[in-house]
Amino acid sequence: MSLNVGKAAESAVDHRKGPRRRGEELENAILTATLEELAEGGYATLTMERVATRARTSKAALYRRWPSRAELVMEACKLRGVTDVDLPDTGALRTDVIALLRQISAKMASPLGGILRGLLTEMTRDPEFAALIRERVHTVGPPTLRVILERAIERGEVEPWIPDSRRATVATDLLRNHFLLFGAPVDDAIITDIIDDVYLPLILSPAPKRAGQDDPAGGAG
């Protein structure tokens, strides 16, 4: 066996060196390696082999737990809170939504922001991955925003059909689009402009009627 072949063979079994890890310890190492790979090269360059090498384990160990790289990425992002935000409760719709967008903006400006931006970009290229994100994790904000809107309905600030309409996520959609186009940090003045100039005029009761609808309370849009 030549020196080069010997080195290649040794490299191929590097994951066997050191103490054998099992269970939660091994899974944490794999998920951490996944996030590191995402931070360095994004989803497009991430492979199960690269993650296995970084985590010092085998590809078989990954596939026993996650059938695809998309599933692995979703688990890593969910466990590490890439898309987690706290639920604001200020007592008013405007300040709740501003607080939510500020949280999202801060996450975008953090080291996790690069991962988030890569995932959002990849959604436009990979329909299967996009479907998985919507099913498992959603994008940052909308589930929390729905709770905010439901509270606003109870206070009489918005009409009951708003949470099921396309208008519901306009604020987070605009923030996400600004982030994708211009990066982070997102200036606080942009957040208040999104809320005051676009979002609130669109959803506050009485909300403007939708095209072709005489009674806006008659259904979702």
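Val-73 touches Thr-34, Leu-38, Tyr-43, Leu-46, Leu-119 and Phe-129, leaving aside residues up to four places away in sequence, where contact means heavy atoms within 4.5 Å. The model is predicted, so local features need pLDDT of at least 70 and side-chain atom pairs count only at pLDDT 80 or more, while totals for chains, interfaces and linings use all residues. Residues are numbered from 1 along each chain as its sequence is written, and side-chain values use heavy atoms, with hydrogens and water left out.

- Thr-34, one of the contacts of Val-73, is found in helix α2, residues 23-45; helices are DSSP runs (H or I, at least four residues) numbered from the N terminus.
- Thr-34 counts as buried because its relative accessibility is 0%, given that buried means under 20% relative accessible area, exposed over 50% and partly exposed in between (1.4 Å probe, protein chains only).
- Not counting residues up to four places away in sequence, Thr-34 touches Leu-46, Val-51, Leu-72, Val-73 and Ala-76.

**Helix α6 and its packing**

- Helix α6 (residues 93-109) has 17 residues and reaches 24 Å from its first C-alpha to its last, close to the 24 Å expected at 1.5 Å a residue, the expected span being 1.5 Å times one less than the number of residues.
- Among the buried residues of α6 are Leu-93, Val-97, Leu-101 and Ile-104, and also Asp-96 and Lys-107; what covers the buried residues of this helix includes α7 (111-123), α9 (142-154), α10 (170-182) and α11 (188-203).
- α6 and α10 pack at an angle of about 25 degrees with their axes 11 Å apart, and are therefore roughly parallel to each other, as angles under 35 degrees count as roughly parallel.
- Where these helices pack, Val-97, Leu-101, Ile-104, Ser-105 and Met-108 in α6 meet Ala-171, Thr-172, Leu-175, Arg-176 and Phe-179 in α10.

**Ile-153 in helix α9**

- Ile-153 is found in helix α9 and is partly exposed, with a relative accessible area of 25%.
- Ile-153 touches Val-158, Glu-159, Pro-160 and Pro-163, not counting residues up to four places away in sequence.
- Ile-153 and Ser-205 are 52 residues apart in sequence and 9.1 Å apart in space, C-alpha to C-alpha.

Notes. Helices (H or I, at least four residues) and strands (E, at least two) are DSSP runs, numbered from the N terminus. Axes are lines fitted to C-alpha atoms, for helices over the stretch in contact, and angles run from 0 to 180 degrees between N-to-C directions. Angles under 35 degrees count as roughly parallel, over 145 as roughly antiparallel, 65 to 115 as roughly perpendicular and the rest as oblique.
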